[in-house]
Amino acid sequence: MEFFDNIKITYADKSDKDLNRAYFLFRIISRPFFTKILTSVLQLAIRIRLPIKEIVKATIYKQFCGGTSIETSQSTADNLWKSGIGTILNFSAEGKETLEDFTMTKQEIIATIQKANQSENIPFAVFKPTAITSFSLLEKITRRQTLNKQELKEKKEFESRINEICKTAVELKVPLFIDAEESWIQGAIDEMIMEMMQKFNGDKAWIFNTLQLYRNDRIAYLKEILSDAKNKNYFIGLKLVRGAYHRQEIERSNDLNYPCPVHKTKEDTDKDFNLAQKICIENIDRISFCSATHNEESSAYLTDLISQQNLKKNDKRILFSQLLGMSDHITYNLANKGYYIAKYVPYGPVKDVMPYLIRRAEENTSITGQMSRELTNIIKEKRRRKNS
Ligand SMILES: Cc1cc2nc3c(=O)[nH]c(=O)nc-3n(C[C@H](O)[C@H](O)[C@H](O)COP(=O)(O)OP(=O)(O)OC[C@H]3O[C@@H](n4cnc5c(N)ncnc54)[C@H](O)[C@@H]3O)c2cc1C
């Protein structure tokens, strides 16, 4: 798409070495067969503790992660900022299950909020609910099952952790995204975040829930919360995404024989994503939102909506966001044109971010169509550099 076509701007801060690394990486993971083998080998190697950490770190990790800690992610954040791109530090350690893990992760999330408070280039903080409580508890709450004494205690602890994180964010004036997950645990998350929005979003949107527009009930939900916010006079914060668990949603609804909660066609998801952007823009005095997508059409459509509504390109109520290492042509060209934009920058110990890295590898196979675009752009830039 012409809007995002400036390849020189896209790779302005990448050295030849960076470009070559990205080229080889995307070449390898472009083949679904290789990716399948590679991800299985990686999982096994990590499990049996083969010393592959340094290889992973120099390749796929370097492409998609900022560093192992907040401090070591600093140079990535500084580099992005030179191109007018903010950073959203995302502690991406997954698969944590103990009380000790949850407490440690809560502290780490609070540390990212404190870091954002001290840094003009870190406009938001973020966390994933299953990083601070157990999946099974969220599932039970979503199903409205009766909780036993121990579970009631865990629920209280979860509420207290969320409350502490949200309170810190509001006190330090750092808007906070909460990621969305599988539909069978999302009900519990939605309820909790709605409570937080009502409590903390009285003067502006500090707390942001995430809407997955592959779900076939989310436009109705958006209208419902909008009406509630108008009635009760609070502001809404939303991160709009298409959704990362499409296959799992379809499989589970088939296996357990309940109505499928997600759209069956990509067109329906695209339609709802763009409709959600339109509704948000039309209610911009009530809703602040982030368009979190690698989709060129949706990103370009939002730039049209912004100009149709006579809003400023860098209106702080409308953030564009992509993941580090992906769709740089969208990020860098939007930044260059003056839009408000930030990258999600995942960080964490190599073995803990492996599930995240494996999802990125799978997402970039040629099946999804994403890779060919990344690779085509890298090849174009390599050629441009050679000829210039
Ligand atoms: C900054 C950022 C934050 C994110 N946070 C979250 C989060 O909190 N929770 C979360 O779930 N995801 C999150 N994601 C991931 C996101 O949901 C998508 O999986 C990913 O961005 C790909 O979608 P897209 O809009 O970029 O692009 P596209 O490539 O245009 O769309 C791919 C998406 O379309 C949908 N889709 C694909 N095939 C079909 C089909 N046959 N029928 C219906 N729909 C289909 C799926 O959602 C798929 O992921 C985030 C992404 C970004 C960039």
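This is a predicted model: local features need pLDDT of at least 70, side-chain atom pairs count only at pLDDT 80 or more; totals for chains, interfaces and linings use all residues.
Visitor: What order do the strands of the open sheet come in?
Guide: There are 8 strands, in the order S1-S8-S7-S6-S5-S4-S3-S2, and the pairing is parallel.

Visitor: Which strands stand at the edges?
Guide: Strand S1 (86-91) and strand S2 (125-127) do. Each has a single partner strand, so one side of each is left without a neighbour in the sheet.

Visitor: And how are neighbouring strands turned against each other?
Guide: By 30° on average, with direction ignored.

Visitor: OK, tell me about S8. Is that strand buried or exposed?
Guide: S8 is mostly covered, with 7 of its 7 residues buried. On one side sit Ile 341, Lys 343, Val 345 and Tyr 347, and on the other Ala 342, Tyr 344 and Pro 346.

Visitor: How many bridges does S8 make with S1?
Guide: S1 and S8 pair over 6 bridges, in the parallel sense. Phe 91 stands opposite Tyr 347 in S8. With S7, S8 pairs over 4 bridges, again parallel, and there Leu 323 has Tyr 344 as its bridge partner.

Visitor: Which helix lies across S8?
Guide: Helix H7 (residues 99-118) lies across S8 (341-347) as well as S1, S2 and S3, and runs at about 170° to S1. Helix H14 (residues 296-308) lies across S6 (287-292) and S7 (318-323), at about 170° to S7.

Visitor: Switching topic: how do H8 and H10 cross?
Guide: The axes of H8 (residues 135-142) and H10 (residues 183-200) come within 7 Å and cross at roughly 80°. That makes H8 roughly perpendicular to H10.

Visitor: Which residues meet there?
Guide: From H8, Phe 135, Leu 138, Glu 139, Ile 141 and Thr 142 take part; their H10 counterparts include Trp 184, Ile 185 and Ile 189. By class, the contact has 7 nonpolar, 4 polar and 1 charged residues.

Visitor: Last one, Thr 76. Where is that residue?
Guide: Thr 76 is in helix H6 (residues 74-82).

Visitor: Why does Thr 76 count as buried?
Guide: Because Thr 76 has 17% relative accessibility, and buried means under 20%.

Visitor: What does its side chain reach?
Guide: The side chain of Thr 76 reaches the backbone oxygen of Gly 66 at 3.3 Å. Leaving aside neighbours within four places in sequence, Thr 76 is in contact with Gly 66, Leu 324 and Val 345.

Note on methods
Residues are numbered from 1 along each chain as its sequence is written. Side-chain values use heavy atoms; hydrogens and water are left out. Two strands pair if DSSP finds at least two bridges between them. Helices (H or I, at least four residues) and strands (E, at least two) are DSSP runs, numbered from the N terminus. Axes are lines fitted to C-alpha atoms, for helices over the stretch in contact, and angles run from 0 to 180 degrees between N-to-C directions. Contact means heavy atoms within 4.5 Å. Angles under 35 degrees count as roughly parallel, over 145 as roughly antiparallel, 65 to 115 as roughly perpendicular and the rest as oblique. Ala, Val, Leu, Ile, Met, Phe, Trp, Tyr, Cys and Pro count as nonpolar, Asp, Glu, Lys and Arg as charged, and the others, Gly among them, as polar. Buried means under 20% relative accessible area, exposed over 50%, partly exposed in between (1.4 Å probe, protein chains only). A polar contact is a pair of N or O atoms within 3.5 Å; within protein, one must be able to donate a hydrogen and the other to accept it, and residues adjacent in sequence count only if both atoms are side-chain atoms.
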